[in-house]
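Here are my notes on this model, for your review. Please read them with the coordinates open.

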Amino acid sequence: MSGFLFDELIFGPVHSRRLGVSLGINLLPTDNKYCNFNCIYCECGWTNKDKGVKIVLPKRDNFKTKLENRLQELQGTVNEPDAITFAGNGEPTIHPLFAEIIDDTIEARDKFAPKAAISILSNASMLHKPKVTEALKKVDKNILKLDSAIESTFQKINQAIGGITLSKIIEGLLSFDGKLIIQTLFFRGEYNGHFIDNTTDEELKAWLEILEKINPEYVMIYPIDRGTPAKGLEKIPYDELNAIANRVKAKGIAAKVY
Ligand code: SF4
């Protein structure tokens, strides 16, 4: 599998435009991407669907000790984190002990980095699991993916594995009562014999309609940044992304292009 992978459980801190000094958590394997989506633009590369591949997820105890040690090291330094961010090589909420790990993270944050906001970048695919949703609702910033509000486009872009549907995801997003951030990556291009474009008027109308219902704190809008596993995807120019952001703002929802 080609693509960019984080080779550590806890990485950084990195200086992030959107999150400040952010200590990253990769709750996924360090040698493999592990996700229940297979987004055609994923910068980690294609999802490995070979069932023979051994997936090793971090152990809860090891994670807790490592996080506490790292936060203690950073205490009082210029790199004391503004954010503790779950990102990494796949989808963090599929870790079977995700909820318990969130409790450990909150405890460690309160003890060693009380000013740090806990953020999670998630594809929102596990919101049908009450334990996952309850855990997410305990953190400061849920940054949840919504690349299209049309089921067929969602399947073509995100290539959800295991029967995950967009309607189920939207149901989960609505349950946050607006206390969430939506992230959307816009692009166009051909893949697998289909021309995919989530910037068409039909796409944007459906997406804006759902955004109004979800009523997020704000919307993060992205172009393609790094190399993509599907070749021939086009980066959307910033002026076009800004025009999309303005349509979001016209609905009374904050939006920013990154
Ligand atoms: S959800 Fe994220 S990690 Fe999973 S395939 Fe999509 S971009 Fe990659």
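1. Basis. This is a predicted model: local features need pLDDT of at least 70, side-chain atom pairs count only at pLDDT 80 or more, and totals for chains, interfaces and linings use all residues. Residues are numbered from 1 along each chain as its sequence is written.

2. Overall fold. The chain has seven helices and eleven strands (DSSP runs, H or I of at least four residues for helices, E of at least two for strands, numbered from the N terminus). Its radius of gyration is 18 Å, close to the 18 Å of the globule rule for 258 residues, so the chain is as compact as a globular protein of that length (C-alpha atoms; the rule is 2.2 Å times the number of residues to the power 0.38). The C-alpha trace spans about 50 × 45 × 35 Å along its principal axes.

3. Strand pairing. S6 (residues 181-185) and S9 (residues 218-222) pair in parallel over five bridges (pairing takes at least two DSSP bridges). Gln-183 has Met-220 in S9 as its bridge partner. S9 also runs parallel to S11 (residues 254-257), with four bridges. There, Tyr-218 stands opposite Ala-254.

4. Helix H3 (residues 130-137). Val-132, Ala-135 and Leu-136 are buried (20 or more other C-beta atoms within 10 Å of the residue's own; exposed means 12 or fewer, partly exposed in between; C-beta atoms are placed from the backbone). They cover an arc of only 100° around the axis, which puts them on the same side of H3 (directions from the helix axis to the C-beta atoms). Pro-130 and Glu-134 are exposed on the other side.
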